[in-house]
Amino acid sequence: MKKADEYLRCRVVSTAHLTSLDNELLDEISSRRDEWGPGEWIHYIGFGYIIRLTASSSPVLRLKAEGLSKGVRRLIISLMKHDAVELLIFESGAPQVDGFEVNDW
């Protein structure tokens, strides 16, 4: 019997929602080579980041512990709650989400 295809709900948003410190933090996290840690579910993609939110039972709390800004955490919480987002892509050319902090760095 063939398994049903699995799909993740994904959203692509602008890296302008990140502060420069958020960008540095995500870059550092994505380059970690721990056996298991945030580097396993946060990935640098050359022009932004992919965050696999379903890879952690409490992704926003883990990101808070790492030092991600409150504005970005608010955005992630909103997307998870209202859009059921499971995979979040921060991309430099993506659209901004209305009502959330935008940074010019």
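Tutor: Before we read this predicted model, one definition: a residue counts as buried under 20% relative accessible area, as exposed over 50%, and as partly exposed in between.

Student: Is glutamate 28 buried, partly exposed or exposed?

Tutor: The relative accessibility of glutamate 28 is 35%. Buried would require a value under 20% and exposed one over 50%. Because 35% lies between those cut-offs, glutamate 28 counts as partly exposed.

Student: With which residue does glutamate 28 form a salt bridge?

Tutor: Side chains of opposite charge can pair when their charged atoms come close. For glutamate 28, the closest N and O atoms of the salt bridge are 3.0 Å apart, and the partner is arginine 32.

Student: Which residues do salt bridges that share partners join into one network?

Tutor: Arginine 32 also meets the side chain of glutamate 66 in a salt bridge of 2.8 Å, N to O. Glutamate 66 lies in helix 2 and arginine 32 in the loop between helix 1 and strand 2, so this pair ties together parts that are 34 residues apart in sequence. At 24% relative accessibility, glutamate 66 counts as partly exposed. Through their shared partners, the salt bridges join into one network Glu28, Arg32 and Glu66.

Student: How many residues apart are aspartate 83 and arginine 11?

Tutor: The side chains of these two residues meet in a salt bridge at 2.6 Å, N to O, and both are partly exposed, aspartate 83 at 26% relative accessibility and arginine 11 at 27%. Aspartate 83 belongs to helix 3 and arginine 11 to strand 1, so that the pair links distant parts of the chain. Their separation is 72 residues.

Student: Which strands stand at the edges of the sheet?

Tutor: The open sheet is formed by 4 strands in the order 1-4-3-2, with mixed pairing. Within that order, 5 bridges join strand 1 to strand 4 in the parallel sense, 5 bridges join strand 3 to strand 4 in the antiparallel sense, and strand 2 pairs with strand 3 over 3 antiparallel bridges. Two of the strands have a single partner strand each, so one side of each is left without a neighbour in the sheet; these are strand 1 and strand 2.

Student: Which glycine in the turn between strand 2 and strand 3 has a positive phi?

Tutor: Strand 2 and strand 3 form a hairpin with 3 residues between them, and in their pairing histidine 43 has isoleucine 50 as its bridge partner. The positive phi in the turn is about 90°, and it belongs to glycine 46.

Student: Are helix 2 and helix 3 roughly parallel or roughly antiparallel?

Tutor: The axes of helix 2 and helix 3 come within 10 Å and cross at roughly 175°. The contact is made by Pro59, Val60, Leu63 and Lys64 of helix 2 and by Arg73, Ile76, Ile77 and Met80 of helix 3, and these residues divide into 6 nonpolar, no polar and 2 charged. Because an angle over 145 degrees counts as roughly antiparallel, helix 2 is, relative to helix 3, roughly antiparallel.

Student: Is threonine 15 buried or exposed?

Tutor: Threonine 15 is found in the loop between strand 1 and helix 1. Leaving aside residues up to four places away in sequence, threonine 15 touches Phe47, Gly48, Phe90, Glu91, Ser92 and Trp105. The relative accessibility is 11%, and because this falls under the 20% cut-off, threonine 15 counts as buried.

Definitions and conventions:
Residues are numbered from 1 along each chain as its sequence is written. This is a predicted model: local features need pLDDT of at least 70, side-chain atom pairs count only at pLDDT 80 or more; totals for chains, interfaces and linings use all residues. Side-chain values use heavy atoms; hydrogens and water are left out. Two strands pair if DSSP finds at least two bridges between them. Axes are lines fitted to C-alpha atoms, for helices over the stretch in contact, and angles run from 0 to 180 degrees between N-to-C directions. Angles under 35 degrees count as roughly parallel, over 145 as roughly antiparallel, 65 to 115 as roughly perpendicular and the rest as oblique. Contact means heavy atoms within 4.5 Å. Ala, Val, Leu, Ile, Met, Phe, Trp, Tyr, Cys and Pro count as nonpolar, Asp, Glu, Lys and Arg as charged, and the others, Gly among them, as polar. A salt bridge is a side-chain nitrogen of Lys or Arg within 4 Å of a carboxyl oxygen of Asp or Glu. Buried means under 20% relative accessible area, exposed over 50%, partly exposed in between (1.4 Å probe, protein chains only).
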